Amino acid sequence: MPVLAILTVTLFVYMIFTLNGNSERHIFVGESIPVLFNSYQDAEVDYFNHENIGRYSLEKAKTNTFSSSCLSNWEEKCRNNELLVENLKIEIKKYSEFENVFLEGNITTIIFNERKYSASFQNGNYSYSLKPVVELNLT
């Protein structure tokens, strides 16, 4: 019973001080968490888009570069890697800016331009940058 009385008095005193004030009170608790989360979510969406751009462009470049018999068999002798890289660069350029495209064996690596993310909030600000790198298998 004494614990309940102390708890009730404490709650009552807290309510008087909190609800009775005439001045405005702003409490920024955890404001940065949603801002950071939204920024990271934006970066994930950008990476997802870059990955889809890479996949779509690679399919278009393969179709433009190779004959249908080469696409179905995918033999080493059918491939013209330099032409595929050039066609891939043309396709990617339609959708996004990039730094470079590499083709080693069956792995295509696309390095997109660096993207900066930043936000400011009541307690400060932050910024970071990411350079999306997408690796895709030709087969």
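Valine 9 is exposed, with a relative accessible area of 52%, which places this residue over the 50% cut-off for exposure. The model described here is predicted. The points below proceed from the surface patch that includes Val9 to the largest nonpolar core, and then to a further core and the buried residue aspartate 46.

**Surface patch**
- Valine 9 lies in helix 1, which spans residues 2–19.
- Together with Phe12, Val13 and Ile16, Val9 makes a nonpolar surface patch of about 350 Å².

**Nonpolar cores**
- The largest nonpolar core comprises 17 residues, of which Leu84, Leu88, Ile92, Val101, Ile110 and Phe112 touch the most other members.
- Two or more residues of this core come from each of helix 2, helix 4 (81–93), strand 1 (98–104), strand 2 (107–112) and strand 5 (133–137).
- The element that gives the most to this core is helix 4, with four residues.
- Beyond its neighbours within four places in sequence, isoleucine 92 is in contact with Ile53, Ser57, Phe98, Val101, Ile110 and Phe112.
- Another core, of five residues, lies apart from the largest one, and its members include Ala43, Tyr117, Tyr126 and Tyr128.

**Aspartate 46**
- Aspartate 46 is located in helix 2, which covers residues 32–65.
- Because its relative accessible area is 14%, under the 20% cut-off, aspartate 46 counts as buried.
- With neighbours within four places in sequence left aside, aspartate 46 is in contact with Arg115 and Tyr117; Tyr117 is also among the members of the five-residue core.

Methods
Residues numbered from 1 in each chain as written. Predicted model: local features only at pLDDT ≥ 70, side-chain atom pairs only at ≥ 80, totals over all residues. Heavy atoms only, no water. Buried < 20%, exposed > 50% of the residue type's maximum accessible area, 1.4 Å probe, protein only. Contact = heavy atoms within 4.5 Å. Core = buried A, V, L, I, M, F, W, Y, C linked by side-chain atoms within 4.5 Å. Patch = residues over 30% accessible without salt bridge, like charges linked within 9 Å, V, L, I, M, F, W, Y side chains within 5 Å. Areas by Shrake-Rupley, 256 points an atom, 1.4 Å probe, with all protein chains shown as cover. Salt bridge = Lys/Arg side-chain N within 4 Å of Asp/Glu carboxyl O.
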